[in-house]
Structures are given as structure tokens and as C-alpha cells.
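Here's a quick briefing to get you oriented. Have a look at the sequence and the 3D view first, then read on.

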Amino acid sequence: SVEGDAIKVFVRVRPPSEGAALTDGDHGLCLSVLSANTIRLHSKPEPKIFTFDYVANMETTQESVFSSVAKNIVESCMNGYNGTIFAYGQTGSGKTFTMMGPSDSDNFTHSLRGVIPRSFEYLFFLIEREKEKAGSGKSFLCKCSFIEIYNEQIFDLLDSASAGLFLREHIKKGVFVDGAVEQVLSSAAEAYQVLTMGWRNRRVASTSMNRESSRSHAVFTITVESMEKNNEIVNIRSSLLNLVDLAGSERQKDTHTEGLRLKEAGNINRSLSCLGQVITALVDVGNGKQRHICYRDSKLTFLLRDSLGGNAKTCIIANVHPGSRCFGETLSTLNFAQRAKLIKNKAVINEDTQGNVN
Amino acid sequence: AAAPGAGWAAVCEKFRTARTLSAVESRKDPETEPYRSKYSARALLQEVKQLLSGGEEGGEARLLAVRRAVLEYELGVNHTDTEELSAGEEHLQRCTQLLQPHRLSPDCVSLYIQAQNNLGILWSERDEIKTAQTYLESAEALYNQYMKEDGNPPLDPSEHFMAEEEKLTDQERSKRFEKAYTHTLYYLAQVYQHLEMIEKAAQYCHTTLKRQLEYCGYYPVEWALNAATLSQYYLSKQCFMESRHCLAAASVIFSQAGQVPSAEDNETEQDQQDLRQRKAEIARCWIKYCLNLLQSARKLLEDNIGELDPDRQLELKAQRKKEEDEKEKGRKKAVLFGTSDIYDSVLAMEEKVSSVYPLDFQEAREIFLVGQNYVQEAKEFFQVDGYVTDHIEIVQDHSALFKVLAFFEEDYERRCKMHKRRIDMLEPVYADLNPQYYLLISRQLQFELADTYYEMMDLKVAIGNRLEELDSHTIKKINSLAQLAIKYYELFLDSLRNPDKVFPEELEEDVLRPAMVAKFHIARLYGKLITSDSKKQLENMQTSLEYYTFLVEYCEKYPNAVRAIETELELSKEMVGLLPTRMERLRAKLCPFI
């Protein structure tokens, strides 16, 4: 197919925080953006060149990140495809800024608002347009849920009183979080309200490295259902849009499952480390041998199974910090992003026809 | 000693507090400040370092260097724990520099190895696996050299800040030293895996597991799952004896987990559920074991049309007899798990299923039955309601077990019944499954159902051929099986269509072969349909020709596809050449006067 089903990978370089470039080692920056899809990492002895679908440099605006990354996915979502947008990167690399916007109280009207509020606006803009075009024949229902995966446990951010939830599979409905609150949405503003309310319930932690570092993965899911009546045939389409904010990638490594102590610390990010494993496994599939692998039940990858090598459109935004002190983490983020490009996704339209019996 | 008396006691006390803060207190830190205790520990360590540098004395340079190295080590680990890798690296480097000249002496060797371990972790976190490898391999070499040259239980690093009377026993020293080395091997296993030195990685995993058992440093459930997973590696290498050994050990160790009540004995429903799931996971590994053993045996025994070759069977049976005499010798070469009591249980577990290729139906059936039991066990947990994917995968395995057992069955009627069992388990799950969320599984089921019907039809034809004359019942049966096979192949092909219902111009690599095989089988099936109506027969031949032609034309357009379906293409070309003539003859018979 023309577009290709591979996962799209975008890299965004944030500007160094004020004053950081001065205090930061001798060279200051560890990378440079060469073009709209290549980046050079100043590694020694040889610099490394990485190629991605799109590279946003420090000057790229929020609007242009949205247009190149999310617009297409939101459109596909309207056409019945499931879509997922991930933000990946070290804590402090600008994930929250990219996805949400600056940490002001009202991000929704802020000129620097991020991918998520813009996706809401665009989604509801498209819905309104469709409705006008089709008249009374077509109706839409949007619902959302917002969950957090922390320490391999699932919590409902829309219901802070709820205890740990479970992931289950339904033979007709696919993977779902059992008992998660679903809220009906009628406008972009409402979606944003729900999101910010849930966002406040997230688990964050301060470390001397970062003021705020998220210890959890957050998954905001919008279900778009459309119903179209056409000569007694009712066409129902439904699709999911997942917006995922991953915990800081610097804590992803599974190497140090040393004894009891480190095992516990390591567990915080098992989801993320498994994500890496799943990606590797997906890339290596092919020897066709019959085997069963016991460790594949990271909650995050399970929840997003459809988005990784299933039938959905997926893109990853890899955020990097250009400071030379972040060299190691930046390299590993770029390596991760490189591997992610190899995953292929089959996009299949989600359509079933009902009511044509008589 | 340097700094004797009260001053030294205070230093030791500070050091001890730092260690407790770091290892024990930090676990209770609030989520909002996960590193609070680590930061306090760090401050204490810095203080200790200050105090030491004050008390420098001439003759005690070595002692002082070692103590400093201990502090640098602790600070290094502290910084890496709190995500400050660069600072951590500096401290660890200083530690190894200080120890370099003394690294083979009993008071330094353990610390040196642990510092190398941590440098290995640190570099692997930066994805510099090669660098990590050099640190870890040098730790491994140091351990071996020390054990060869000295071998006495070395000092534990914490002892450098202990009063004489608190020092550890030799037994405890040895335990801690061995544990540090086990970690070296464990990290090396991961490094080798990242470097795609798969065989070496597996070997290090195996040794790590073995050492965990030896030194009692394991959680039964985790250990069992690791061993079960490792068994799957051996499966892919066709090492059935090793695979079985891992699985038997997994089952034995897992059964310990159920017996030991947890520390506080407040096992939640969730823990119970986890335990049940793990048990089912191990059962699934056993299923794969049985399946692979049967399938590999089938590969050995089949002739060029996929039937059991009796000559080959006799040959292999003779060969086995010869090998049995040498069996005991071979066995000792493998790495075995467990101390004597565990080992006996593992052996007993192993005896329940063979690890040699089954060579006849009876032997195959025994392995099949073991596999089938595990299917039941796995299904108890992985029920379709809630575990759709896992459940269906188990059903697919069950079907595969029947399929390979049927190969060993000589009676065609009975063989057919085995395939019918497969249909009966696959069809209901397929009917319920929503392809929107389970596209890949849905395709697999379509294809497998088609294939099973296809195979049954072939068997019915073979049975019919033995009769004097085909009776109407058999004809009906053959036709209906063929129609069902066609139906499922078509469903599979339809699943490849795009949203506008158009079949792809060029097929993706992962579905190329199945799609072509489906087309080819449909062509054959139309050729097999039996009808007395010549017009209908002509139509069937026409359809058959269309499908054969598709294959030939596709391969002309995309020569890359030829590789995947060489045999099928050859036969298709032949049919494309033959069919028109046959159809011409049939037409002539239909209208003899034209």
C-alpha cells in the first residue's frame, strides 16, 4: 500500500532549559538536526546519523508537530481505524510539553497547547463537519476513559476511589479495562476538562534530576462510534484513539533486577522494559517454531496489543533533550525509535453491518 | 588499625546507617519522594569520606585506599540508583582504580567484582553493550582466577566498616561472594542476548538458574517460569532432553511455591489468581514440548508425500536400540538442576513423558495424552471469557496435537475422526470471534479450518478409492467437505481485501504463501468436486482453471513470489496447459453434433 503500515516515528528535539547550555559540559549540545528527517548524534569516535519519518528541531511549533504527527491519525480514526499516539523519552525531554502543552492552568486555549488538546479540537471539528454533510442520517457517540499503569497495576484516573483494575479480553470487544469509568463527551472542551481532571490524579515524584517525573504510563482513550442509516441498513463503525504518555524511558532497563531491592525498584517500569522486549520479539518473529513464552504480560503492551503489530495506525513521538549530559539517554531513545520503525502494522477497517435481516 | 577508638566506631556507625537507609528504609519512602532515604544515605557517605581523608597516616595507605574504595563503591551505586549515571560512573571508576593493585587479595576481590558488575549495569543502561561486556567478562575472569589461586572465602565489602567482633563467618562470606558472582553471570546472560550470542546467553541463563538453586537464592514461582521459558529455547534447538529437564524442574520448584505460605500470610485473591496463571503458563510450555516432539518425529518419519514411511520407521527403531545403550553416558553431559532431594523429584517428573522421538502410534499416543492433559490444565485458567487470545492459542495447540497424532494413525476412518475433533473445537471459537480486534487469529483459524476440511476430503477420497464403486453417501460427503474447505479458504482470502473490498494487487510477504496456497487448494478442490451433470462439471473446471491461472499470472508479474510456492506453481502451470484440452473434450461430448 502507498502509505505503508509501518509505525511512524517522529523525533522532537527540545530546547535546552534556560541557562543549561552554559553550565552543561564543554560542547553543550550532543546532537544536531540535519534535515526534516535526519539527525546527527555527536558520538565518539564517529558521529551517528539517524533517519526518521520526521524530525522536529528546537524551533518547530506545536501546530506543525500536530499537523505532521497527529492530524492523519485523527482523520483515520474518523474513517474507522484505530489509532495510537505514543510519547516516548527520558524524563525532562519534553513529553508533557509536546502532548499537553506548558504547565499553565488553562492549556486548552494556550497558543502553545500540545498534541492532545489539538487532537480533541480536530476530532470534534471533523465530527461536526460530517454531521453537517450527512444531515440527520448520521450520528456520533464519543466516550472516553483514562487509566494509569503504575507498578504493573491499573488505576482509573477518572475515579480516584477505585482500586486496581484488571485487563480482560472479550471475544467480540477485544481488550478492555474491566470496570473503568467511561465518560460521554460532546465537545473538545469537555474532553479537555476530563483529561486535566484525570491528569491531576497521576502519580508523580520529584527527584534531584527532575522536578516532576512521571512514574506511570497514562492512557487516554476516546471511542468514536458513528451510526449511519442508509435504506434500512444501519452501518455502525467504531474506532479507538489512544493517547499514551509513557513513564520516563530512563527507568526502563531490565538489566538490574538485582536481588530483592532492585527488583522492587525495577518493577516500577516493567511495562516499559517489556515494551522494548515485545518490539524486539516482533522484529525477530519468523522462525515459525512452536513455542510459548511465559513473560509477555506487561499491562501496557497487552492493552495496546492492537496498536503494536495489530490492525491500527500508530505513531511514536520520541522526545530528546539535546544537552550533552543526556547523551546516553538520547542515544538509547534514538535506538528505541529506530527499532520501532521496523514494526509493521496492518490497518484494517472496523466495520460491521447490522439490521439488514429484513 | 587507622583511626582506632571512639572516632572509628562513629565512622562505622555512620556507614552502617547509610547502608540501612539505602537498602531498608528506602523501600518505605513515599511515592512522591522515592529517593529520600537514598539522598540521606548519600549525605552520610560523603561525611564518612570527609572523616577518612582527615585521618591519613603514613603506614596505612593500603588500608585507607580500600576503605575509600568501599565508599566510592557505595556512592557509585547510590548515584546510579537515583538516576545520576554520570556521577555514578565517576565514583565506580575511582573505586576500581583504588583497588586495581589489590584486586586479587581476599579483602578486595568481592568488592572489585561488584564494582565491575555495577559498571556493567551502568553501561548497559546507556545501551553500550560492548562496554558492559568488557566489565562483566573481566569480573568473571577475576572470579575464576581468584578461585584457582586462593579460593578462601573473601571479605564482604561491608566488613571494612565493622568492628572485629562483628565480622562475618566464612560460610556467610562465601555465600555473599558466590551471590555476587551469580549476578555477574546473570548480567552476562543479558549482555550476550543483546549481542545476539544466543547460544551463549542460554548457557549463562542455565548456569544462573543452577546457581540460584544451589545457593537457595530464588523465588520458586519466578524460578519455575524462568526454567519453563528456557525449556522453550531448547525446544527450538530440538534438544528435547534438556527441554524436558527444564520443564520437570520448573514443575517441581513451582509446586514448592504453593506450599510455602507467604511471609505475612495475607495472600490476596490476586496472588492466588497469579499463582493459577503461572501454573497454566507452565502447562502451556509442556504442551509445546509434546507438540514439538511429535512434530519432529513426524518430520523424521514421513515420506515425500507426507505419509508414514515404514522402512524409515524400522531403520529408526534399530538405531534407537543401539543408542539406548549409550543413553546414560549422554545424560551426564547436560547441566542438571538441583541438589539430591530436588533432583529425585525432577527425575520422577521426567519419567512421566519420553524425550525420544516416538516411532509408532502407541508411542505417539502416550505423548499426545500427556499434552492433552496439559491442554485441560491450561484451559482451566485461560477461559475464553477474559482470556480470548490465550484460550484460542491453546485450542489451536490442541488441534495441532490431534493433527500430528493422526499422522501416526494407519486407519483412515479413525484418522478422519481425529480431524473431525479438530473441526469441532475450532469452528465454535471462530464463529464468535470478532476480526476487528483479532484479525490475525481469525485468519489463522480460517486457514486451519480450510486445511482440516481439505485433509478430510482427501481421506474420504482415499477411502472411496478402495471401494468397488463410489456410493452416493461417500460422494455427498466428499462434495460437502470440499465445499466447506472452499468456504474457509475464501473467507481467508476475503480477509485480505482492503476496505473497498478489492483484493490487493501485490500481496504482503507475510500472507503471500498462505494466500497462494489457498488459491491453489481452491483450484484443486473444484477439480475434485464430483458431479454427474456435465455442464456443472464444465463450470467447475472453468473455475479451477481461473484459480490456477491466477497463480501463474501473479508469478509472472511478481517473480519474487516464485520462491515461496515453487511446487504449487509448477503444478498450476501444468494444469493451465491441460485443463483447456480436457474442457474442450467435455464440451464436444456435451454437444456431439457441433
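A residue counts as buried under 20% relative accessible area, as exposed over 50%, and as partly exposed in between, using a 1.4 Å probe and protein chains only. Helices (H or I, at least four residues) and strands (E, at least two) are DSSP runs, numbered from the N terminus.

This is a predicted model, where local features need pLDDT of at least 70 and side-chain atom pairs count only at pLDDT 80 or more, while totals for chains, interfaces and linings use all residues. Residues are numbered from 1 along each chain as its sequence is written, chains are lettered from A and ligands numbered from 1 in the order in which they are written, and side-chain values use heavy atoms, leaving out hydrogens and water.

- Strand 7 of chain A (residues 138–150) is largely enclosed by the rest of the structure, because 11 of its 13 residues are buried.
- Two strands pair if DSSP finds at least two bridges between them.
- With strand 14 (residues 217–230) of chain A, strand 7 of chain A pairs antiparallel over 12 bridges, and A:Cys142 sits opposite A:Val224 there.
- Strand 11 (residues 183–185) of chain A also pairs antiparallel with strand 7 of chain A, over 3 bridges, with A:Gln183 as the bridge partner of A:Cys144.
- Strand 8 (residues 153–156) of chain A is joined to strand 7 of chain A by 4 bridges, again antiparallel, and A:Ile147 faces A:Asp156.
- The hairpin of strands 7 and 8 of chain A has 2 residues between the strands, and A:Asn151 takes a positive phi near 55° in it.

**A buried aspartate in chain A**

- A:Asp245 belongs to strand 15 (residues 233–245) of chain A and is buried, at 4% relative accessible area.
- Contact means heavy atoms within 4.5 Å, and A:Asp245 touches residues including A:Lys95, A:Trp199, A:Arg202 and A:His217, not counting residues up to four places away in sequence.

**Cores and domains in chain B**

- A nonpolar core is a set of buried Ala, Val, Leu, Ile, Met, Phe, Trp, Tyr and Cys residues joined through side-chain atoms within 4.5 Å.
- The largest one has 130 residues, and B:Trp223, B:Tyr289, B:Phe408, B:Tyr489 and B:Leu507 touch the most other members.
- Helix 11 (residues 269–301) of chain B gives the most to this core, with 13 residues.
- Apart from this core lies another, of 52 residues, with B:Phe15 and B:Val70 among them.
- The domain assignment of chain B gives domain 1 (236–257 + 274–308 + 337–410) and domain 2 (504–593), and their centres, taken over C-alpha atoms, are 40 Å apart.

Note on methods:
Domain bounds come from an automatic or database domain assignment.
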